[in-house]
Amino acid sequence: MIHFELVTITGVKLKDTVYEVKLPTPQGQIAVFGNHAPLVTLATTGVITVRKKDNTPDDLQDNYAIDSGVIEILNGTVRVLVDEAEKD
């Protein structure tokens, strides 16, 4: 499990412990699970997909449309800082 934070200029959109997060980056989409290596990269305009539990079906995952921003993965925490994020 990983701690996930999605933060916009208006405040925290989501702060939860989740199983998997898929993130849009300039190099393509990456999937982050527990024990991911530390990473700082850009977030590109796209969709963040959050799977809260390992058995959550694809159609019940949460999706957030985002602007570009910054992604930080460190010590079991994924923090995404963007201007705007809208839940689908």
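Two residues are in contact when they have heavy atoms within 4.5 Å of each other. In this predicted model, local features need pLDDT of at least 70, side-chain atom pairs count only at pLDDT 80 or more, and totals for chains, interfaces and linings use all residues. Residues are numbered from 1 along each chain as its sequence is written, and side-chain values use heavy atoms, with hydrogens and water left out.

Leaving aside neighbours within four places in sequence, Gln61 is in contact with Thr49, Val50, Arg51 and Thr56. Gln61 lies in the loop between β6 and β7 (62–66); strands are DSSP runs (E, at least two residues), numbered from the N terminus. Because its relative accessibility is 10%, Gln61 counts as buried (under 20% relative accessible area, with a 1.4 Å probe and protein chains only). Its side chain makes a polar contact with the side chain of Asp58, at 3.0 Å; such a contact is a pair of N or O atoms within 3.5 Å, of which, within protein, one must be able to donate a hydrogen and the other to accept it, and residues adjacent in sequence count only if both atoms are side-chain atoms.

Thr49, in β6, stands opposite Lys22. Strand β3 (residues 20–25) is joined to β6 (residues 46–51) by 3 bridges, and the two run antiparallel; strands pair if DSSP finds at least two bridges between them. On β4 (residues 28–32), also antiparallel to β3, there are 5 bridges to β3, and Val32 is the bridge partner of Val21. A hairpin of 2 residues joins β3 to β4. Since 5 of the 6 residues of β3 are buried, this strand is largely enclosed by the rest of the structure.

Technical notes:
Buried < 20%, exposed > 50% of the residue type's maximum accessible area, 1.4 Å probe, protein only. Helix = DSSP H or I, 4+ residues; strand = E, 2+ residues; numbered from the N terminus.
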